[in-house]
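Dear colleague,

Please find below the structure that I am handing over to you, together with its sequence. My notes on the side chains and the backbone follow it.

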Amino acid sequence: MATYFSEIGKSISNLLTKDLKLVDKITVTNDGAKSETCVNTSASSLTHKTTITRDIIDGIKADIVLDANARSVSTTLTANDVILNGLKVDLKTGNLTTISEVKANVLEKASLQYKTGGMGMKCEMPLASPNTVSVNVCSDILGSGTSVGVDGTLTTSGQVQSYGVALQKCQGDATYAVAADNGLDRLKFGMSTKLSSDMNGAIECVVGRSSGSLAYAVGLQNSNTGARAVYNSQGTVDLAKEVSICDGTKANVVVQAHLASKTYKTGVAFDIKA
């Protein structure tokens, strides 16, 4: 069952797209600090970002992000179940290294997340220029393993800027999902299921009504080894496998092959827990 709108069709997207990034990355986590270094070999560039998480008081924590490339420092304050049980509040600051930005924009974004019973709601507003509000709601009101959700962006003057709807049905080992966004102009259909005791599969189609476009992806994953193979309508095949190197260290290896041009790209993401 999906609690929030973003979780509708998650089992499908997890198999078809999750962690299939063609970047070389090293992530080191140690005692509430997370350091992430990305290497772009084609552009010969290197990015480094460090996130430090600290508990302030019971139920409230701070994530401090230091971006070496952007030379910026930002903070996100998160409160869980402090104001109301089931309510999560996030307050994100702008760049704290520039005095002028701090004076003009101490808080950049505020978001609320609330769940109760079979309903989950998220709301987000930019505070630098609060002209829009993004809201989505998900509910199991239909019962029988069915979740329905509505997502929209409203202007502060009351106009609807964008909207979408989604529905998910869980039945046995299978999950079916359908969604429509871009003013109901883009339609998405997907399904994930357990094919055997150690094999999962998923398929998704995206149709543009006004453009007449069609895109699709189909994938398989071994539930024991985690190995995945995904083919999409652009003619590429993504192969992914998570490899355990030693205690506390693993690597996610991705190889993407373009069948028409007979070329390939790779990405290796190391995750180290010190």
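Predicted model: local features only at pLDDT ≥ 70, side-chain atom pairs only at ≥ 80, totals over all residues.

The structure contains 1 aromatic pair, where rings of Phe, Tyr and Trp (its six-membered ring) pair if their centres lie within 6.5 Å. The partners are Tyr216 and Tyr231, with 6.5 Å from centre to centre and 50 degrees between the planes, a tilted arrangement; planes under 30 degrees apart count as stacked, over 60 as edge-to-face and the rest as tilted. Tyr216 belongs to strand β15 (residues 214-222) and Tyr231 to strand β16 (residues 228-232), so that the pair links distant parts of the chain, 15 residues apart. Strands here are DSSP runs (E, at least two residues), numbered from the N terminus. Tyr216 is partly exposed at a relative accessible area of 35%, and Tyr231 is partly exposed at 31%. For these classes, buried means under 20% relative accessible area, exposed over 50%, and partly exposed in between (1.4 Å probe, protein chains only).

Residues are numbered from 1 along each chain as its sequence is written, and side-chain values use heavy atoms, with hydrogens and water left out.

A further ring contact involves a charge: Lys122 lies over the face of Tyr4, 4.9 Å from the ring centre. The criterion is NZ of Lys or CZ of Arg within 6 Å of the ring centre and within 35 degrees of the ring normal.

Turning to charged pairs, the whole structure holds 6 salt bridges (a side-chain nitrogen of Lys or Arg within 4 Å of a carboxyl oxygen of Asp or Glu). One of them joins Lys92 and Glu108, at 3.9 Å from N to O.

Another salt bridge is that of Arg186 with Asp181, whose closest N and O atoms are 2.8 Å apart. Arg186 is partly exposed at 30% relative accessibility, as is Asp181 at 23%. Lys250 and Glu242 also form a salt bridge, with 3.8 Å between the closest N and O atoms. Lys250 is partly exposed, at 32%, and Glu242 is likewise partly exposed, at 42%.

As for the cysteines, 0 disulfides were found in the whole structure, a disulfide being a pair of cysteine sulfur atoms within 2.5 Å. Cys205 is in no disulfide, and the nearest cysteine sulfur, that of Cys170, is 19 Å away. Cys205 is partly exposed at 27% relative accessibility, and Cys246 is partly exposed at 44%.

Lastly, two backbone positions deserve a note. Asp31, a residue other than glycine, has a positive phi near 50 degrees; Asp31 is in the loop between β1 (24-30) and β2 (33-40) and is exposed, with a relative accessible area of 66%. Ser144 is not a glycine either, yet has a positive phi of about 55 degrees. Ser144 sits in the loop between β9 (132-143) and β10 (146-155) and counts as exposed at 61% relative accessibility.

With kind regards

Conventions
Helix = DSSP H or I, 4+ residues; strand = E, 2+ residues; numbered from the N terminus.
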